[in-house]
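This report goes through a protein model in parts. Please look at the sequence and the structure first.

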Amino acid sequence: QLASLSEAPPDAAFALIDAYKADRSPLKVDLSPGFYRDEDARPWILPSAKQELLNDPIADHEHLPILGHAELLDSAQRLVFDTTPEDANTIASIQTIAGTGANHLGALFLAKAIRPRTVWISDPTWINHEEIWKLADPDIERQKYPYFNKEILDLDFEGAMSTLSSMTGEGDVVILHGCAHNPTGRDFTKEQWKAIAGICEQKRLIPFFDLAYQGFATGDLDEDAWSIRYFFRNTSLEMLVAQSFSKNFGLYGERIGGLHVVCRTDDTRTKVVNMLTRLSRAEITTCPINGSKIVAKVLGNKELKAQWQRDLLHMSDRMRTMRQMLVDGLRKRQTPGQWDHILTDVSYLHFKMHSLGIANTAEIGMFSMTSLQPNQIRILREEYHVYLLPSGRISMTGLTEHNVEYVTEAFHKVLLD
Ligand code: PMP
């Protein structure tokens, strides 16, 4: 029976990670993964999280409650929504297997609870959204809304607005990236977010925010949660947030995250908690404990939290610097193509605002889209040992002061050929 299974292609992102590991060249550079890397392109244990890893020698390994680590959930909820004690009665929160698990549990929950006709996913998006929804319920139609114009490497706000306002129906789900959109690194401006919230309210859509980069994107926890808090405070919508602690705590392998369902009333919250509990119990019983203790401790301790905020600034600063160095190198060489969009640079912002007469944000976080073509991406890998996803997305965290010149030279040569 099993022999009749159809073969699925390998996961593009993880296949590249394996290929990179196997590459013996000392020149190799990995621009593909969504993991933070330090000044020497190595994994970085955040000082704020490291102390906790080392200082808990007598920890036991008992189960967490089904909903998860209570203090963690409390802090996690406040981090996202800046909640008051009254708000807490209207939001159902449950710990999840990181951001992926939160996306999955949210999809499963919506599929069981309200059976939406369609889920609207940005084009492009994180490699896993489509698959998660397909597996949660193949009968829910998966549709794309325009998000990024690949020709001009710019946000397609008009396209998004027009599709969401004309094609959606009541109860449809819209996946929104809370900040640092993956893979484009380009977010809606505050004015644009307000317009998107207006459409969601008018059409009674269900916003489902994916928040994988809070604090990691700009270094500012409040700024990175602005979109979600706006929807929370200024609409009456029921909405979901999938929260990940993988990037902002550097706890990738610990699988720590949370799902928050904004229910608006205490009554609805009771029912939602009940259903989330059932679903999670049937799938995982309880969440991993180690990482949740680390995050709960850091978020609940003033000094550790201040250290964590310094760690976040350190990471986001490094990514901004790498954006600048990459673009400087390409400008210096007069490499063909459009590169300015990669910058988080303020002068770019002003230029854009003046020349187009609109407020626009430059790119933040670790990702940017390039217009490198599949053939050029293959040559970069095979001849220069520079790895990036077939989509042309690059991750800034693979760049260092030591390899950025090599990478710009490689881009330059490949684009001149
Ligand atoms: N959502 C988005 C937009 C992401 O980029 C990622 C990670 N690449 C995730 C969710 C999943 O994160 P986690 O490792 O916490 O499962």
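In what order do the 7 strands of the open sheet lie? They run S2-S10-S9-S8-S7-S3-S4, and the pairing is mixed. Two strands count as paired if DSSP finds at least two bridges between them. Helices (H or I, at least four residues) and strands (E, at least two) are DSSP runs numbered from the N terminus. The model is predicted: local features need pLDDT of at least 70, side-chain atom pairs count only at pLDDT 80 or more, and totals for chains, interfaces and linings use all residues. Residue numbers start from 1 along each chain as its sequence is written.

**The sheet and its helices**

Strands S2 and S4 are the edges of the sheet, each pairing on one side only. From one strand to the next, the twist averages 25 degrees. S2 pairs with S10 in the antiparallel sense, over 7 bridges. Within that pairing, Leu259 of S10 is the bridge partner of Ile94.

The angles below are between N-to-C directions and run from 0 to 180 degrees; axes are lines fitted to C-alpha atoms, for helices over the stretch in contact. Contact between two residues requires C-beta atoms, placed from the backbone, to lie within 7 Å.

| Helix | Strands touched | Angle |
|---|---|---|
| H7 (residues 157-166) | S3, S4 and S7 | about 140 degrees to S4 |

**Around the ligand**

Helix H5 (residues 98-113) also supplies the largest share of the shell around the ligand, 4 residues. Of the 14 residues around the ligand, those that come nearest are Ala98, Gly99, Thr100, Ser244 and Ser246. A residue is near a molecule if its C-beta atom, placed from the backbone, lies within 6 Å of it. By class, the shell has 4 nonpolar, 9 polar and 1 charged residues. Here Ala, Val, Leu, Ile, Met, Phe, Trp, Tyr, Cys and Pro count as nonpolar, Asp, Glu, Lys and Arg as charged, and the others, Gly among them, as polar.

**The two domains**

The domain assignment, whose bounds come from an automatic or database source, gives domain 1 (11-45 + 304-416) and domain 2 (70-301). Their C-alpha centres lie 26 Å apart. Each domain puts 29 residues into the contact. On the domain 1 side, helix H1 (12-22), helix H14 (302-333) and strand S11 (367-369) each supply at least two residues. H14 gives the most, with 8 residues. By class, this side of domain 1 has 15 nonpolar, 10 polar and 4 charged residues.
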